[in-house]
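Work through the exercises below with the sequence and the coordinates at hand. Each task is followed by a solution in steps.

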Amino acid sequence: MTYRAPVADIAFALRHSAGFSAALGEGLFGELSEEAVEAVLAEAGRFAADIIAPLNAQGDRAGTLFKDGAVTMPPGWKEAYRAWTEAGWNALAAPAQWGGQELPHAVNAACIEMWSSAAMAFGLGPFLTMAGVDALIAHGSDELKRTYLPKLVSGEWMGTMQLTEPEAGSDVGALRTRAERAPDGSYRIRGQNAPAGTRGVSLFLVPKFLLNPDGSPRRRNDVRAHSIEHKLGIHASPTCTMVYGDGGGATGFLIGEENRGMACMFTMMNRARLGVALQGVAIAERATQQALAYAHERKQGRAPGASEPSAIIAHPDVKRMLLSMRALTRAARAISYATAVALDRAERDEDGPARQAAHERASLLTPVAKAFATDIGCEVASLGVQVHGGMGYIEETGAAQHFRDARIAPIYEGTNGIQAVDLVTRKLPIGDGTAVRLYIGGIRRTVAAVDAVNDPAYGWTGVRLRDAVDSLERATGWLLARLRDDPGAALAGATPYLRLFALAAGGALLAEEALAASRLAANGGEEAGRIALARFFAENFAVSAGALERTVVEGADSVTGAEAALEQTA
């Protein structure tokens with residue numbers, strides 16, 4: 001099954017649920033037009049489908065070769081990456097000062113989805129490079145910016161993130177790698193993966209090559225790849241264990257201040273978290289496309305009322321799985337794109353309070369986007385295998401690869417449990433709860449708009465979304481209160497709360513798309529399909545909001561008091 005970039009769906013989500021058209025209409029992006037955006041998306045879709053997607057299965061089979069400390073990519077990958085950078089895709093959202101095109105982050109997010117759908121392992125390197133560019137722009141010295149940004153922005157050089165050690169995992173405070181200041185102001189780094197100072201974590205730029213004054217490579221730095229990981233999925237991604245200081249210490253250059261590295265790193269990490277969210281969307285889209293095509297072709301059994309063998313899509317249970325795949329994918333896409341538009345507003349809005357409000361909204365939505373989109377990436381890929389039946393368990397169909405590739409996304413860039421804790425303990429209290437209350441108010445306005453349409457095609461959409469936002473509001477208030485007097489109870493409910501938040505938000509955003517399609521119906525819009533999908537999501541997913549609320553507010557003791565159930569037995 002070949003990949004077809006869903007350019008029309010992507011553009012529709014950007015315009016009508018993520019809020020991009022409103023921002024464009026306000027002049028937030030200067031002279032950028034919708035026609036120009038559509039042209040960019042169309043060309044990105046063509047490149048993803050024609051150049052990158054054919055490499056996906058081959059890269060999965062071949063993997064990356066590690067020999068004598070060097071990594072060799074699968075056949076065709078080097079050429080595809082060179083063509084990708086020459087076309088300017090790496091520089092899409094970067095500042096013009098450093099060779100970028102300064103297009104909105106939301107447009108770049110849509111492109112990242114397409115690169116990752118075509119081949120998740122291909123898209124991983126570029127979005128980490130882009131995240132590194134953001135961190136260097138925000139926190140690097142002028143000299144580091146002049147030296148490294150032009151080639152990082154162009155894609156001639158790539159960046160990576162090294163923020164863990166074998167024994168540390170997500171506990172950055174347990175890092176043992178050390179950095180010592182050298183007389184020339186640089187640092188010498190020894191250890192594995194992530195440098196830490198003596199009194200805290202510091203962030204360093206550690207180049208593969210040390211440079212001559214003219215910027216040309218002088219000699220290899222004292223850093224090497226020790227081994228390549230043998231992973232469940234993304235086999236074509238060169239994920240390596242790195243070793244610093246075999247010859248006395250790798251040369252690194254401080255980014256930001258000593259012992260303040262996490263503050264700098266979160267600039268990179270938050271952008272990377274949105275990139276990982278888009279990977280979840282991407283895998284879900286790819287799995288959905290393949291399952292839908294297979295369900296139309298595969299004939300088995302007789303659907304109700306049929307006299308001949310039916311395509312399996314005619315069977316209600318298969319139809320339910322396919323609708324679940326499409327609805328979850330589009331809801332996750334809308335949440336991720338809305339996060340990207342909030343980032344754009346936080347950077348570009350000239351009004352100070354509006355810019356601050358956008359920053360708070362982006363902060364609120366980032367953990368929701370990362371966790372929900374990557375969770376549903378796994379769920380949708382698993383359903384894709386199920387739609388294929390036994391053939392889904394056979395590697396040759398490709399359905400299993402999507403499932404294997406998807407599984408890392410809920411783990412890296414902060415596990416989804418960490419995202420839930422971040423949402424509850426750091427993001428809900430923003431402005432003493434103002435940011436989340438404003439967001440809930442927006443969902444209520446969407447529900448009111450659905451009710452005002454009074455169209456039977458929406459079924460129970462308005463009712464179910466109102467129930468969901470009521471549950472979200474009550475659970476939010478409960479958590480904000482417990483953070484003050486019983487934080488353990490709040491942490492126990494963090495993961496179900498994030499899911500509740502995502503279902504209410506995703507249902508409202510799909511409803512916004514349905515409402516937009518209704519308004520555009522006279523112009524040949526896809527009204528029926530979008531209304532049907534919003535209704536399906538509301539009546540099959542948002543309907544679980546009440547149970548999630550009860551889990552949050554009533555289920556803490558069943559978690560914190562259950563030690564006896566987890567005792568190890570012989």
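**Exercise 1. A helix pair**

Task: Identify which residues of α6 meet which residues of α7, then describe the contact by residue class and by the geometry of the axes.

Solution. 
Step 1. On the α6 side, the residues are N108, I112, W115, S116 and A118, and they meet M120, G123, F127 and M130 of α7.
Step 2. Sorted by class, this contact has 6 nonpolar and 3 polar residues, and no charged ones.
Step 3. Helix α6 spans residues 105-118 and helix α7 residues 120-139; their axes come within 6 Å and cross at roughly 150°.
The model is a predicted one, and the values here are computed from it.

**Exercise 2. Nonpolar cores**

Task: Find which members of the largest nonpolar core touch the most other members, and list the contacts of F20.

Solution. 
Step 1. The largest nonpolar core holds 164 residues, and the members touching the most others are F20, L41, W115, Y497 and F501.
Step 2. With residues up to four places away in sequence left out, F20 touches L14, R15, F29, L32, V37, P104, A106, V107 and V341.
Step 3. Another core, of 11 residues, lies apart from the largest one; I189, I228, C240 and Y244 are among its members.
Step 4. As background, nonpolar side chains tend to be buried together in soluble globular proteins.

**Exercise 3. The surroundings of strand β9**

Task: State how many residues of β9 are buried, and which strands pair with β9.

Solution. 
Step 1. Strand β8 (residues 223-228) runs antiparallel to β9 and is joined to it by 5 bridges. In this pairing S227 stands opposite T241.
Step 2. Strand β4 (residues 187-192) also pairs with β9 in the antiparallel sense, over 2 bridges. Here Q192 has V243 as its bridge partner.

**Exercise 4. From β4 to β10 and β5**

Task: Follow the pairing from β4 to β10, and from β10 to β5, naming a residue pair in each case.

Solution. 
Step 1. Strands β4 and β10 (residues 250-255) run antiparallel and are joined by 3 bridges. Y187 has G252 in β10 as its bridge partner.
Step 2. Strand β5 (residues 203-205) is likewise antiparallel to β10, with 3 bridges between them. F204 stands opposite L254.

**Exercise 5. A hairpin**

Task: Describe the pairing of β6 with β7, and find which residue of their hairpin takes a positive phi.

Solution. 
Step 1. Strand β6 (residues 209-211) pairs with strand β7 (residues 217-220) in the antiparallel sense over 3 bridges.
Step 2. L210 has R219 in β7 as its bridge partner.
Step 3. The hairpin has 5 residues between the strands, and G215 takes a positive phi near 90°.

**Exercise 6. Distances along the chain and in space**

Task: How far apart in space are the C-alpha atoms of L548 and A354, and those of F12 and A250?

Solution. 
Step 1. L548 and A354 are 194 residues apart in sequence, and their C-alpha atoms are 32 Å apart.
Step 2. F12 and A250 are 238 residues apart along the chain, with 48 Å between their C-alpha atoms.

Conventions:
Residues numbered from 1 in each chain as written. Predicted model: local features only at pLDDT ≥ 70, side-chain atom pairs only at ≥ 80, totals over all residues. Heavy atoms only, no water. Buried < 20%, exposed > 50% of the residue type's maximum accessible area, 1.4 Å probe, protein only. Helix = DSSP H or I, 4+ residues; strand = E, 2+ residues; numbered from the N terminus. Pairing = 2+ DSSP bridges. Axes fitted to C-alpha atoms, helices over the stretch in contact; angles between N-to-C directions. Contact = heavy atoms within 4.5 Å. Nonpolar A, V, L, I, M, F, W, Y, C, P; charged D, E, K, R; others polar. Core = buried A, V, L, I, M, F, W, Y, C linked by side-chain atoms within 4.5 Å.
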